[in-house]
Amino acid sequence: MGDEQNPFLPIANVGRIMKQILPPSAKVSKEAKETMQECVTEFISFVTSEASDKCRKGSRKTICGDDICWALGAVGLDNYAQAMVRYLHKYRVAALNQQKATTSSFEDKDEESDRSGEPSHQEDETTTPQVVMNIFI
């Protein structure tokens with residue numbers, strides 16, 4: 001049993017997410033955080049299990065974002081599924097734009113290096129990750 005991992009999300013992360021919606025003066029008890037931690041972990045496991053079953057039936061080994069969206073709808077959480085589909089689309093567009101910007105940035109730096117004979121050390125804001133994934137609970 002010593003090698004058994006804690007199956008729950010980190011309680012500090014759960015508490016941080018809970019506090020985001022509350023007024024700054026509000027406090028969250030340890031018991032409330034632990035209860036939410038268990039519920040969130042069970043919810044994620046339930047949705048992931050549905051997505052996994054779909055993948056297994058389709059002879060696939062990898063669960064993707066579309067599978068999670070499908071699973072949310074399959075378990076009756078259509079509003080969440082629709083919101084996740086929209087979020088996933090925005091995430092993919094942002095990731096694609098980031099990839100293009102990074103590729104463009106490297107090509108620009110290569111051209112500068114070719115012209116001067118030395119690599120460019122100029123910082124470029126487009127190489128900074130712009131995509132931050134917020135997981136909602």
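Student: Is Lys30 buried or exposed?
Tutor: Keeping in mind that this is a predicted model, Lys30 is exposed, with a relative accessible area of 61%.

Student: Which residue does Lys30 form a salt bridge with?
Tutor: Its partner is Glu34, and the closest N and O atoms of the two are 3.9 Å apart, which falls inside the 4 Å cut-off for a salt bridge. Glu34 itself is partly exposed, at a relative accessible area of 30%.

Student: And how are Lys30 and Glu34 placed in helix H2?
Tutor: They sit four residues apart in helix H2, so about one helical turn separates them.

Student: How many salt bridges are there by this rule?
Tutor: The count comes to five. One of them joins the side chains of Asp66 and Arg92, at 3.3 Å from N to O. That pair links distant parts of the chain, since Asp66 lies in helix H3 and Arg92 in helix H4, 26 residues apart.

Student: What about Asp66, buried or partly exposed?
Tutor: Asp66 is partly exposed, with a relative accessible area of 41%, and Arg92 is likewise partly exposed, at 40%.

Student: Which residues are linked in a network of salt bridges?
Tutor: The network links Lys54, Arg60 and Asp67. Within it, the side chains of Asp67 and Arg60 meet at 2.7 Å, N to O. Asp67 counts as buried at 2% relative accessibility, whereas Arg60 counts as partly exposed at 36%.

Student: Switching to cysteines, how many disulfides does the count come to?
Tutor: The count comes to zero. For Cys55, the nearest cysteine sulfur is that of Cys64, 6.3 Å away, and because a disulfide needs the two sulfur atoms within 2.5 Å, Cys55 is in none. For Cys69 the nearest cysteine sulfur is again that of Cys64, at 8.5 Å, and Cys69 is in no disulfide either.

Student: Are Cys55 and Cys69 buried or exposed?
Tutor: Cys55 counts as buried at 2% relative accessibility, and Cys69 also counts as buried, at 6%.

Student: Which residues make up the largest nonpolar core?
Tutor: That core has eight residues, namely Val47, Ala51, Cys69, Ala71, Leu72, Ala81, Met84 and Leu88, so Cys69, buried at 6% relative accessibility, is among them.

Notes. Residues numbered from 1 in each chain as written. Predicted model: local features only at pLDDT ≥ 70, side-chain atom pairs only at ≥ 80, totals over all residues. Heavy atoms only, no water. Buried < 20%, exposed > 50% of the residue type's maximum accessible area, 1.4 Å probe, protein only. Core = buried A, V, L, I, M, F, W, Y, C linked by side-chain atoms within 4.5 Å. Helix = DSSP H or I, 4+ residues; strand = E, 2+ residues; numbered from the N terminus.
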